[in-house]
Amino acid sequence: GATRVQGNSHQDLVYPTQFHKHGVRASAEREVKAKAVAAPPTIAADRLVPRVEERDGYYVLKEEFRQGINPSEKIKIAKEPMKFFMENEIEELAKTPFAELDSSKAGKDDIDVRLKWLGLFHRRKHQYGRFMMRFKLPNGITNSSQTRFLAETISKYGEYGCADLTTRQNWQIRGIVLEDVPALLKGLESVGLSSLQSGMDNVRNPVGNPLAGIDPDEIVDTAPFCKVLSDYIINRGQGNPQITNLPRKWNVCVVGTHDLFEHPHINDLAYMPATKNGVFGFNILVGGFFSPKRCAEAIPMDAWVPADDVVPLCKAILETYRDLGTRGNRQKTRMMWLIDEMGIEEFRAEVERRMPGGSILRAGKDLVDPSWTRRSFYGVNPQKQPGLNYVGLHIPVGRLHAPEMFELARIADEYGNGEIRISVEQNLILPNVPTEKIEKLLKEPLLEKYSPNPTPLLANLVACTGSQFCGQAIAETKARSLQLTQELEATMETTRPIRLHFTGCPNTCAQIQVADIGFMGTMARDENRKPVEGFDIYLGGRIGSDSHLGELVVPGVPATKLLPVVQDLMIQHFGAKRKT
Ligand code: SRM
Ligand code: SF4
């Protein structure tokens with residue numbers, strides 16, 4: 001059921017060279033570059049001295065800025081993590097017995113920290129000796145051969161192997177042992193996947209519209225933009241050490257829908273489709289992030305770039321952050337802290353200085369329709385290409401195993417063109433299915449498990465990894481949230497979708513602050529005052545143009561006591577009724 005809003009046609013707009021649309025050729029978008037009118041900087045000149053410098057192809061923190069730095073910075077200084085990839089040091093590491101590596105501080109830092117630059121996360125606490133691997137999957141677009149390859153990889157690890165769809169439109173796989181990594185990296189390359197720079201102080205997967213290029217109502221196809229961003233970020237899989245020593249993690253998204261499926265307000269950089277003097281481009285939001293100590297919505301940088309400048313702008317912002325961001329208390333090193341310190345105008349001026357032409361235009365006319373009603377992409381929906389459809393499938397809490405992944409790959413080949421899309425809600429979309437194949441597709445047994453028509457609460461459930469695998473977790477999330485949701489569906493009648501998000505700790509990887517009802521893992525006390533696993537309950541998160549971050553309403557509910565509390569909240573705030 002897509003809601004269509006008229007009046008947002010931008011077909012007569014001018015699209016720049018690389019990304020021109022509907023055959024409209026680019027025109028001289030550079031001509032419209034006016035002089036920016038930033039106020040003269042008031043920040044002390046010595047504060048604008050870059051804190052890192054290039055040495056032998058890598059970026060290192062200068063000696064004079066090493067006072068009071070956090071332990072992660074020391075680990076980066078002690079040994080450049082990118083060397084595992086750039087200089088193939090992974091080969092040697094993979095041959096070293098794990099126990100030997102784990103017997104020294106340097107070896108521990110390698111396996112627990114530095115390997116995250118290769119997308120490898122040691123699961124020390126819950127799967128000792130095994131790694132989770134995360135990828136770059138621009139715009140969340142994957143395909144049958146990648147899915148099959150990942151399924152083959154995890155199936156080797158038997159009960160240890162499984163896969164997750166993540167809240168950044170990505171695959172993660174589990175069970176990997178270090179000795180397999182060099183061969184695995186080569187295999188990934190052969191199917192066009194890269195795991196590079198996907199953990200620690202790196203840029204995460206660029207998020208776009210999951211319906212990019214197939215959405216009849218899209219403003220712009222975000223896939224090419226996410227692709228060029230990803231190509232820049234990891235230098236087409238060769239590694240990009242210019243941006244692998246950031247003060248902290250960093251998120252980027254490109255918005256292509258009125259629905260704002262891309263969550264622009266919670267990314268460090270969001271590209272918002274906008275025009276300036278009839279030229280298509282993007283307005284820029286910066287600084288959105290979540291962390292245990294602070295959650296901030298992105299703010300406008302009062303800047304517009306033509307579509308051709310998407311990568312230069314990203315580079316200029318990343319270099320500003322890399323050069324000037326502080327590296328002390330890690331709870332205060334995300335980019336928004338730098339923006340706060342400098343003020344948005346001074347931050348903007350520093351970004352501008354790093355642009356190839358030395359200037360950026362002020363914001364243009366936003367193309368997002370704020371009155372748009374967010375669509376659901378479950379079930380069968382017509383694409384902009386006549387005769388083709390996309391089919392949204394529900395993957396319970398984003399967890400898959402090898403047999404289902406093989407089936408999924410077969411189905412994507414047999415009914416579509418092999419392509420598979422991932423949403424930030426940890427679900428899947430099968431695009432490019434011809435109308436005549438739909439009936440047969442809907443009878444596939446896999447769709448009994450991965451429903452195109454999920455029940456209303458399950459449809460919107462998101463859960464992070466939680467204590468099954470994540471060492472930071474205070475609570476189990478995936479199994480528990482599924483069970484609670486099923487209990488709620490059995491006992492409650494709902495008239496509108498209610499988005500439930502479960503996150504195992506205050507890092508809020510499942511973005512509970514954007515949920516209608518959010519659950520954050522915490523230690524609670526039972527009726528005998530005994531400490532037990534529990535959740536803080538948040539309410540009122542909104543996504544879309546009137547975005548709002550949810551707030552804590554009921555602290556410390558023991559996990560076993562959630563049901564009645566959530567039933568009451570559903571009745572009070574979401575018009576739900578008890579089933580009789
Ligand atoms: Fe996250 C750390 C999982 C999206 C905020 N996140 C972790 C680690 C790596 C911790 C660890 O070492 O175990 C988790 C790995 C667990 C595992 O075994 O899977 C983890 N984060 C995830 C995923 C898989 C959750 C999911 O189930 O989907 C998501 C992977 C996305 C991806 O493909 O890259 C994931 N994490 C997020 C998001 C959501 C987003 O990006 O929109 C956030 C909040 C947004 C943000 O960062 O601004 C998020 N993760 C964090 C943080 C807190 C960051 C901070 O500034 O304090 C940490 C901890 C840290 O970085 O120190 C963290
Ligand atoms: Fe792990 Fe916490 Fe992130 Fe959940 S929110 S995946 S428990 S770090």
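**Entry 1: Asp536**

I call a residue buried when its relative accessible area is under 20%, exposed when over 50%, and partly exposed in between (1.4 Å probe, protein chains only). A salt bridge, for me, is a side-chain nitrogen of Lys or Arg within 4 Å of a carboxyl oxygen of Asp or Glu.

Ground rules before I go on. This is a predicted model, where local features need pLDDT of at least 70 and side-chain atom pairs count only at pLDDT 80 or more, while totals for chains, interfaces and linings use all residues. Residues are numbered from 1 along each chain as its sequence is written, chains are lettered from A and ligands numbered from 1 in the order in which they are written, and side-chain values use heavy atoms, with hydrogens and water left out.

I looked up Asp536 and found it in strand β24, residues 531–539. Helices (H or I, at least four residues) and strands (E, at least two) are DSSP runs, numbered from the N terminus.

I count a residue as near a molecule if one of its heavy atoms lies within 4 Å of it. Ligand 1 is surrounded by 29 residues, and the closest are Arg123, Thr166, Thr465, Cys509 and Gln511.

For classes, Ala, Val, Leu, Ile, Met, Phe, Trp, Tyr, Cys and Pro count as nonpolar, Asp, Glu, Lys and Arg as charged, and the others, Gly among them, as polar. The ligand 1 shell splits into nine nonpolar, 12 polar and eight charged residues. How many charged residues does the shell around ligand 2 have? I get no charged ones, with five nonpolar and seven polar. Residues around ligand 2 include Cys464, Cys470, Cys505 and Cys509, and Thr465 is also one of them.

**Entry 2: salt bridges**

I get 50 salt bridges by the rule above. Glu73 pairs with Arg327, closest N and O atoms 3.2 Å apart. Glu73 is in helix α1 (residues 71–78) and Arg327 in the loop between α9 (310–324) and α10 (335–342), so the pair ties together parts 254 residues apart in sequence. Both partners are buried. They also belong to a network of salt bridges linking Glu73, Lys76, Asp201, Arg327 and Arg330.

Asp110 and Arg114 meet at 2.5 Å, N to O, and both are buried. Then I looked at Glu425 with Arg374, where the closest N and O atoms are 2.9 Å apart. Glu425 sits in the loop between β18 (419–422) and β19 (428–434), and Arg374 in the loop between β14 (365–366) and β15 (379–382), so this pair ties together parts 51 residues apart in sequence. Glu425 is buried at 15% relative accessible area, whereas Arg374 is partly exposed at 28%.

**Entry 3: helix α7 and some backbone angles**

In α7 (residues 181–190), I find Val181, Pro182, Leu184, Leu185, Gly187 and Leu188 buried. The buried residues pack against α3 (90–95), β3 (120–122), β4, α6 (144–155) and β7. Just after the helix, Gly192 takes a positive phi of about 75°.

Which phi does Asn139 have? It is near 65°, a positive value in a residue other than glycine. Asn139 is in the loop between β4 and β5 (141–143) and is buried, with a relative accessible area of 0%. Asp302 also has a positive phi, near 50°. I find Asp302 in strand β13, residues 299–306, and partly exposed at 31%.

Definitions and conventions
Contact = heavy atoms within 4.5 Å.
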